[in-house]
Amino acid sequence: MIFQRALRREMASAAGATFTVLFSICVTWTLIGVLGMAAGGKVASGDVLALIAFAALNYLPTLVILTSFISVLMVVTRTYRDSEMVVWFASGLSLTKWIAPVLTFGLPLVLATAALSFVATPWAKQKSSEYVERFEKREDLQKVSPGQFKESASANRIFFVEGVAGKTAVVQNVFVNTVDEHGTAVIVAREGVVNTGAKGERFLVLKNGRRYQGTPGQSDFQTMEFESYSMRVTSQNQDMDTERNVAAVPIMELLSDTTPVGRAEVLWRIAQPLTCLVLILVAIPLGFVNPRAGSSANLIIALLIFFSYSNMVKLVEASVKQGKSAFVLSWWPLHLVVALLVFVLFAWRLNLNHRYHPLALLAALKRSRAADKKVVSQ
């Protein structure tokens, strides 16, 4: 029991360090992406922190799975490298005795992965989509930052304003370039303001400016001065329906969705906690390392297994989404195969006569040292 408590403490410590590193990398990568979107005018600058939090929450299930896998693997590898596992075997204890402390450490992480996958991640994706859609549905002029060119939502109009008059909706020194069936028109004005029509339409009212229509030097080129010029920006009653994002649908609503897309999303959410559970068990026999060799290859193999497992889950999900496979026959075979792999690895490590078993390695090491001493004495 003392040894098992020490193992749990060591795995918890390794998990804390691993998660801190992975989460820092994830947040940094997300920060770069969100700041790029904000600089490009795709999201509001005031929503950057919220979007980073939502994006980080989306990555948490994968981070928890990888953290639990690496933590168990690191602790098992260290016990082999420091010859503690040899003492463990010499005391008459089997490798299967590691299952209990590993599950005690890993089951809370499996439950956390399930909670994140079924509840937290869909909520974060839904809120993130709402923030982005809310910004996209703002009036074109409200998206414009002073000193920046901004394309309208319809992609046929470019705005530029030099400044904003205080906290009002009045903008100063406005430039608008419009392309339509009549050609290209350029409008410049001293100031502009957004007004609302009787039916909820939004109009940009420009004052004291000029309008240029056509190509300079051509016969159809026109110029006009105006004191007030109104142009429609957008309508408040525009269609707000967007494509349904199945990844943001709550789990209870998703369970009643019998479409291939909905079934594929359910498969992906179920796969997250199952993957976490299976991988922490794989890490026990996979953590074997020759005490006389390095342990870097062990970690590389573990990462290859993790990414291969994740990619296979995505392939099965894609197959269900495309209607090529039935959900009932697709969500469990892959995890069963990996579980059988765990059984095979445990049987392999428990084979005392195998050349790579720790006790065989220890015996070979003792024989090598005895032979070296004999040569030196001679």
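What follows is a set of questions and answers on the fold, its helices and its spaces.

Guide: This is a predicted model, so to speak plainly: local features need pLDDT of at least 70, side-chain atom pairs count only at pLDDT 80 or more, and totals for chains, interfaces and linings use all residues. Residues are numbered from 1 along each chain as its sequence is written, and side-chain values use heavy atoms, with hydrogens and water left out.

Visitor: How many helices and strands does the protein have?
Guide: Helices (H or I, at least four residues) and strands (E, at least two) are DSSP runs, numbered from the N terminus. On that basis the secondary structure comes to ten helices and six strands.

Visitor: What share of the residues counts as buried?
Guide: Buried means under 20% relative accessible area, exposed over 50%, and partly exposed in between (1.4 Å probe, protein chains only). Of the 378 residues, the buried share is 39%.

Visitor: Which residues of H1 are buried?
Guide: An α-helix has 3.6 residues a turn, so residues three or four places apart point the same way. The buried residues of H1 are Gln-4, Leu-7, Met-11, Ala-14, Ala-15, Thr-18, Leu-22, Cys-26, Thr-30 and Val-34.

Visitor: Where in H7 does the kink lie?
Guide: The bend at a residue is the angle between axes fitted to the seven residues ending there and the seven starting there. In H7 the kink is about 30 degrees. It comes shortly before the proline Pro-273, at Ala-271.

Visitor: Is H7 largely enclosed or exposed, and how many of its residues are buried?
Guide: H7 has 27 residues. It is largely enclosed by the rest of the structure, because the buried ones number 21.

Visitor: Which residues is Gln-272 in contact with, leaving aside neighbours within four places in sequence?
Guide: Gln-272 lies in helix H7. It is buried, at 7% relative accessible area. Contact means heavy atoms within 4.5 Å. Its partners are Pro-61, Thr-62, Ile-65, Thr-113 and Ser-117.

Visitor: How far is Leu-303 from Ile-70 in space?
Guide: Leu-303 is in helix H8 and is partly exposed at 30% relative accessibility. It touches Leu-66 and Ile-70, not counting residues up to four places away in sequence. Leu-303 and Ile-70 are 233 residues apart in sequence, but C-alpha to C-alpha the distance is 8.6 Å.

Visitor: Which residues line the largest cavity?
Guide: On a 1 Å grid over the protein atoms alone, a cavity is a set of points where a 1.4 Å probe fits but cannot get out, and lining residues have an atom within 4 Å of a point. The search finds one cavity of 30 Å³ or more, and the largest holds about 40 Å³ of space. H7, H8 and H9 each supply at least two lining residues. The lining is Leu-267, Ala-271, Val-313, Val-316, Ser-330, Trp-331, Leu-334 and His-335.

Visitor: What is the phi of Asn-208?
Guide: Most residues other than glycine have a negative phi. Asn-208 is in strand E5 and is partly exposed, at 45% relative accessibility. Its phi is positive, near 55 degrees.

How values were computed:
1 Å grid on protein atoms, 1.4 Å probe; cavity = no way out; pocket = protein on both sides within 12 Å on 5 of 7 lines; lining within 4 Å. Points joined across faces, edges and corners; volume = space filled by probe spheres on them.
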